[in-house]
Amino acid sequence: MITIDLSGPFVTYSILATLGILGWVWGFRYFVSLGLLTTLAYLIAVQGGNFIVGLINRTYSNLPRLAAFLTGGSTADVAPLGPIIPENLEAPLLLRVLVFIGLVAVGIGYSFPWEGKPLGGWGGKRPLRILGALTGLYTAVLLTSAVAIFWREFAPTANVPDMLARALNSLPTWTGIIPSTITAFVITLLIVTVIRFNRIWAVDGGGGGGGGGGGGPRK
């Protein structure tokens with residue numbers, strides 16, 4: 001009987017392997033959008049979560065002053081509103097999770113002009129496949145880190161099945177390598193953009209040989 005230890009690195013390695021393989025099969029052009037939106041989601045919702053909450057609260061609080069300014073009144077005589085988001089753990093965390101999921105969903109569901117179709121198969125167009133696999137691993141690191149950080153904030157008040165808790169507790173936050181990893185991804189994008197600037201909008205054809213799909217094009 002085979003026993004899988006969910007408290008070990010199995011879950012993490014599975015996520016890394018899955019997205020790395022998808023990146024290889026789909027190719028860099030098709031996968032880079034998810035990498036970009038995941039990066040944006042991580043910077044805003046994970047590392048800058050308090051920034052989102054503060055921005056929304058400040059905007060809401062200053063609505064009366066904005067209305068007074070637009071109607072020609074005196075903004076100094078208008079009292080600001082109280083914060084719309086309570087200053088507690090649950091509301092900001094829920095907002096950050098929703099923002100993160102929303103941005104990642106855009107990266108998955110929206111078809112950007114540079115994407116084209118997934119390469120498909122396993123062979124051909126090796127540079128695009130290598131860059132796609134690396135982007136898949138990079139995206140997996142950010143996703144894993146985000147889930148781990150969100151879970152550690154939610155865990156003290158959570159009531160989830162023991163198996164799920166063990167799996168979530170096994171995920172690393174990777175906070176020590178995230179800044180350098182994001183920097184490396186951005187530098188790679190800049191290099192690819194400079195080298196292939198004249199072909200950014202010239203979508204390569206799909207079908208790199210070999211069988212197997214790996215996912216159809218986005219709608």
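Modeller: The lining of the largest cavity is made up of five nonpolar residues, one polar residue and four charged residues (Ala, Val, Leu, Ile, Met, Phe, Trp, Tyr, Cys and Pro count as nonpolar, Asp, Glu, Lys and Arg as charged, and the others, Gly among them, as polar). The model is predicted, so local features need a pLDDT of at least 70 and side-chain atom pairs a pLDDT of 80 or more, while totals for chains, interfaces and linings use all residues. Residues are numbered from 1 along each chain as its sequence is written, and side-chain values rest on heavy atoms, with hydrogens and water left out.

Ten residues line this cavity, and those that lie nearest its centre are Trp 26, Arg 29, Glu 115, Lys 117 and Leu 119. Helix H2, residues 28–46, gives the most to the lining, with three residues (helices are DSSP runs of H or I with at least four residues, strands runs of E with at least two, numbered from the N terminus). The space in the largest cavity comes to about 50 Å³, and the count of cavities of 30 Å³ or more is one. A cavity is a set of points, on a 1 Å grid over the protein atoms alone, where a 1.4 Å probe fits but cannot get out; a pocket is an open set with protein on both sides within 12 Å along at least five of seven lines; lining residues have an atom within 4 Å of a point. Points are joined across faces, edges and corners, and a volume is the space filled by probe spheres set on them.

The second largest pocket holds about 270 Å³ of space. It is lined by 11 residues, of which Leu 93, Val 97, Phe 150, Trp 151 and Phe 154 are the closest to its centre. Helix H5 (90–109) and helix H6 are the elements that give two or more residues to this lining, and the largest share, six residues, comes from H5. By class, the lining of this pocket has 10 nonpolar residues, no polar residues and one charged residue.

Because Arg 96 lies in helix H5 and Glu 153 in helix H6, the pair ties together parts that are 57 residues apart in sequence. Arg 96 counts as buried, at 8% relative accessibility, whereas Glu 153, with a relative accessible area of 23%, is partly exposed (buried means under 20% relative accessible area, exposed over 50%, partly exposed in between, for a 1.4 Å probe and protein chains only).

A search of the whole structure finds two salt bridges, and one of them joins Asp 162 to Arg 166, with the closest N and O atoms 2.3 Å apart. Both of these residues lie in helix H7, four residues apart, which is about one turn of the helix. Asp 162 is exposed, with a relative accessible area of 51%, and Arg 166 is partly exposed at 34%. In H7, which covers residues 162–169, Ala 165, Ala 167 and Leu 168 are buried. Seen down the axis of H7, these buried residues fall within an arc of 165°, so they line one face of the helix (the arc is that of the directions from the helix axis to the C-beta atoms). The face turned away from that buried side carries the exposed residues Asp 162 and Met 163. The buried residues of H7 pack against helix H1 (10–26) and helix H6 (126–154), where contact means heavy atoms within 4.5 Å.

H6 also holds Thr 144, which is buried, with a relative accessible area of 1%. Leaving aside residues up to four places away in sequence, Thr 144 touches Thr 12, Ile 15, Leu 171, Pro 172 and Trp 174. Trp 174 lies in the loop between H7 and helix H8 (178–195), and is partly exposed, with a relative accessible area of 23%. Its phi is near 55°, a positive value in a residue other than glycine.

As for the protein as a whole, its secondary structure comes to eight helices and zero strands, and 37% of its 219 residues count as buried. Among contacts between residues at least 6 apart in sequence, 83% join residues at least 24 apart.

How values were computed:
Salt bridge = Lys/Arg side-chain N within 4 Å of Asp/Glu carboxyl O.
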